[in-house]
Amino acid sequence: MDLYPAIVTALWAMLPAYVPNNAAVLAGGGRPIDGGRTWGGRRVLGDGKTWRGTAAGTAAGVALALVLNAGSDAIADLLGVAPVEFPLPAAVGLALGAMCGDIAASFLKRRTGRERGAPFPGLDQLDFVVGALALAALLDFDWVVETFAPTVLAVVLVATPLLHVVTNGIAYVIGAKDEPW
Ligand code: CTP
Ligand code: MG
Ligand code: K
């Protein structure tokens, strides 16, 4: 696939996985998923992973996929690419998978002695991509294979860390996030 349609397809297809983390930041708070429990003297996940943030993030990602579906023909015409349609299992897989990848990363951070909010370069930028693609593949394997051709997948792996750095930098500057990662 040429680079232009690959870039558009990659960003379009990953939007329902990009939005959950940002929605969770805005909606976060309340009861932590680990209920305050510790393992080996450290929190299992920490106060940064809450039920409310996870639910709001997942809902935001799925809702966005449905909105994109409703406008897919118009978006495809405007951008001159083939449309991306999100079947519901794929939408849920992307959104919930992104949240689960982020939660799994916090589990790893706590096990490696990193406190809440500590950076873990590489993991911070790609945890949700791996989670999103894995759960989407589990729920709708054919959709993932059809949508993420090799060039599209390559764009996802290069563009996501860049986008993550930029959006988190903005969230930090406007005060929505305590750290810029
Ligand atoms: N958040 C949440 N629930 C989630 C993910 C995020 O409530 N499942 C909210 C929390 O308020 C969190 C903020 O979004 O503090 C920023 O998310 P993130 O950077 O992932 O969490 P950190 O606080 O940095 O914690 P960690 O070190 O565990 O990543
Ligand atoms: Mg953080
Ligand atoms: K994170």
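Helices (H or I, at least four residues) and strands (E, at least two) are DSSP runs, numbered from the N terminus. Asn21 has its place in one of these, helix α1 (residues 3-27).

This is a predicted model, in which local features need pLDDT of at least 70, side-chain atom pairs count only at pLDDT 80 or more, and totals for chains, interfaces and linings use all residues. Residues are numbered from 1 along each chain as its sequence is written, and side-chain values use heavy atoms, with hydrogens and water left out.

**Core and helices**

Buried means under 20% relative accessible area, exposed over 50%, and partly exposed in between (1.4 Å probe, protein chains only). Asn21 counts as buried because its relative accessibility is 15%. Contact means heavy atoms within 4.5 Å. Leaving aside neighbours within four places in sequence, Asn21 is in contact with Ala98, Met99, Asp102 and Phe128.

A nonpolar core is a set of buried Ala, Val, Leu, Ile, Met, Phe, Trp, Tyr and Cys residues joined through side-chain atoms within 4.5 Å. The largest one here has 30 residues, and Leu94 and Trp143 are among those with the most contacts inside it. At least two residues of this core come from each of α1, α2 (51-70), α4 (88-111), α5 (123-139), α6 (141-147) and α7. Helix α1 gives the largest share, eight residues. Not counting residues up to four places away in sequence, Leu94 touches Ala13, Pro16, Ala17, Phe86, Ala132, Ala136 and Trp143.

**Salt bridges**

A salt bridge is a side-chain nitrogen of Lys or Arg within 4 Å of a carboxyl oxygen of Asp or Glu. By this rule the count is five. The table lists some of them.

| Pair | Closest N and O atoms |
|---|---|
| Arg43 and Asp34 | 2.8 Å |
| Arg43 and Asp47 | 2.9 Å |
| Asp124 and Lys109 | 2.9 Å |

Asp124 lies in helix α5 and Lys109 in helix α4, so this pair ties together parts that are 15 residues apart in sequence. Asp124 counts as buried at 8% relative accessibility, and Lys109 counts as buried at 9%. Salt bridges with shared partners join Asp34, Arg43 and Asp47 into one network.

**Surface**

Val173 lies in helix α7 (residues 150-173). Val173 counts as exposed because its relative accessibility is 69%.

How values were computed
Chains lettered and ligands numbered in written order.
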